[in-house]
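This report walks through one protein model for a reader who is new to structures. Please keep the sequence and the 3D view at hand while reading, and look up each residue as it is named.

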Amino acid sequence: MSVDRPRPLVAGNWKMNGLKTSAKVLQEVHAGYTPGLKAKVELAVCPPATLIGQFAQASVGSRVAIGGQDCHAKESGAFTGDLSAEMLADAGASYVIVGHSERRQYHKEKDVDVCAKAVAAHRAGLTAIVCVGETREEREGGKTLAVVKKQLRGSIPVDSNSHNLVVAYEPVWAIGTGLTPTTADVAEVHALIRDELRRLVGKAEASKVRILYGGSVKPSNAAELMAVENVNGALVGGASLVAADFLGIAGAYLG
Ligand SMILES: O=C[C@H](O)COP(=O)(O)O
């Protein structure tokens, strides 16, 4: 691994899974986050909002970061059921996922909405994990690169830098399906993302922005995926619910 590659990040997106009793999974992650692993990779856990405060308190001193899965663009107001980035930060989060394909699909979020949420994340001092990725139809139609480029241009705020932005490439068809793109396909999209970042945040910052791959990452395929050029970690769904699997994925960085 070359010395100027950004420090990798393996982030677990628990989605709508987890109760107070799931603290034991977090404890297992803490226990397995050995000094050797800490030296190689950053870990973040993004539980449902109900657990952020509890998980953040439990993670003090562990170096496991806590993140939200979404935020509202506004700081406060009459938005029943929503959470602001400031609330996530207040609860102890340091990351927030924005523009996940499940938000884009089920909540009809567009790039402009995702961008506003990333702006909110930055306003609150959070690092935004901005998700992009094509559907199966778009891939089969040869539109992957165009779709990802459009999403990046529409979703990444102008004030982004390597500290407040992480990009996650998640092909929608690979999420929760057990399917993954070939390493050549991942390399092609991640190279495009790096190129676009140069345009959007400048060359120096672009080289330091972490670009995660997400979609059916598991311990058995992590090493291969994490070795791809311009892949600087993973956004993990299902496998992040089991501490041994999550740690097994991070362990790909132990070499
Ligand atoms: O945010 C995570 C992704 O949607 C990936 O989910 P998955 O690892 O269950 O495929």
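Predicted model: local features only at pLDDT ≥ 70, side-chain atom pairs only at ≥ 80, totals over all residues.

## The binding site and the ligand

In an unreviewed entry, UniProt lists Asn13, Trp14, Lys15, Gly176, Ser216, Gly237 and Gly238 under "binding site". These residues span 226 residues in sequence, yet no two of their C-alpha atoms are more than 14.0 Å apart, so they gather at one spot.

Gly237 has 21 C-beta neighbours inside 10 Å, and therefore it counts as buried, since the cut-off is 20 or more. If its neighbours within four places in sequence are left aside, Gly237 is in contact with Asn13, Lys15, Ile175 and Gly176. Gly238 also lies in the loop between S8 and H12, but with 18 other C-beta atoms within 10 Å Gly238 is partly exposed.

Which residues are closest to the ligand? They are Asn13, Ile175, Gly176, Gly237 and Gly238, within a shell of 14 residues that surround the ligand. By class, the shell around the ligand divides into five nonpolar, eight polar and one charged residue.

Ser216, which the UniProt record also lists for the binding site, lies in the loop between strand S7 (210-214) and helix H11 (219-226). Ser216 is buried, with 22 other C-beta atoms within 10 Å, and its phi angle is near 60°, a positive value in a residue other than glycine. Lys108 likewise has a positive phi, near 55°, in a residue other than glycine. Lys108 is found in the loop between helix H5 (101-106) and helix H6 (111-123), and with 8 C-beta neighbours inside 10 Å Lys108 counts as exposed.

## The active site

UniProt, again in an unreviewed entry, places the feature "active site" at His100 and Glu170. The two span 71 residues in sequence, yet their C-alpha atoms are not more than 8.4 Å apart, so they gather at one spot.

Is His100 buried or exposed? With 28 C-beta neighbours inside 10 Å, His100 counts as buried; this residue lies in the loop between strand S4 (95-98) and H5. Not counting residues up to four places away in sequence, His100 touches Gln69 and Cys131.

Glu170 lies in the loop between strand S6 (165-169) and helix H9 (183-201), and Glu170 is buried too, with 25 other C-beta atoms within 10 Å. When residues up to four places away in sequence are not counted, Glu170 touches Ser101, Cys131, Gly133, Ile175, Gly214, Gly215 and Leu235.

Two packed helices are described by the angle between their axes and the distance between the axes. The table sets out two such pairs.

| Helix pair | Angle between axes | Distance between axes |
|---|---|---|
| H1 (23-32) and H12 | about 35° | 9 Å |
| H8 (144-155) and H9 | roughly 30° | within 10 Å |

The crossing of H1 and H12 is right-handed. Their contact is made by Val25, Glu28, Val29 and Gly32 of H1 together with Ala243, Phe246 and Leu247 of H12, and by class these residues divide into five nonpolar, one polar and one charged.

The crossing of H8 and H9 is right-handed. Here the contact is made by Thr144, Leu145, Val148, Lys149 and Leu152 of H8 and by Val189, Leu192, Ile193, Glu196 and Leu200 of H9, which by class gives seven nonpolar, one polar and two charged residues.

## A residue in helix H10

Ala206 has its place in helix H10 (residues 203-206), and with 21 other C-beta atoms within 10 Å Ala206 is buried. Leaving aside its neighbours within four places in sequence, Ala206 is in contact with Arg194, Leu197, Arg198 and Val201. The C-alpha atoms of Ala206 and Tyr169, which are 37 residues apart along the chain, are separated by 15 Å.

Note on methods:
Residues numbered from 1 in each chain as written. UniProt positions renumbered as here; feature names shortened; annotations may be inferred. Buried ≥ 20, exposed ≤ 12 C-beta atoms within 10 Å, placed from the backbone. Contact = placed C-beta atoms within 7 Å. Helix = DSSP H or I, 4+ residues; strand = E, 2+ residues; numbered from the N terminus. Axes fitted to C-alpha atoms, helices over the stretch in contact; angles between N-to-C directions. Left-handed = near helix turned anticlockwise from the far one by under 90°. Nonpolar A, V, L, I, M, F, W, Y, C, P; charged D, E, K, R; others polar. Near = placed C-beta within 6 Å.
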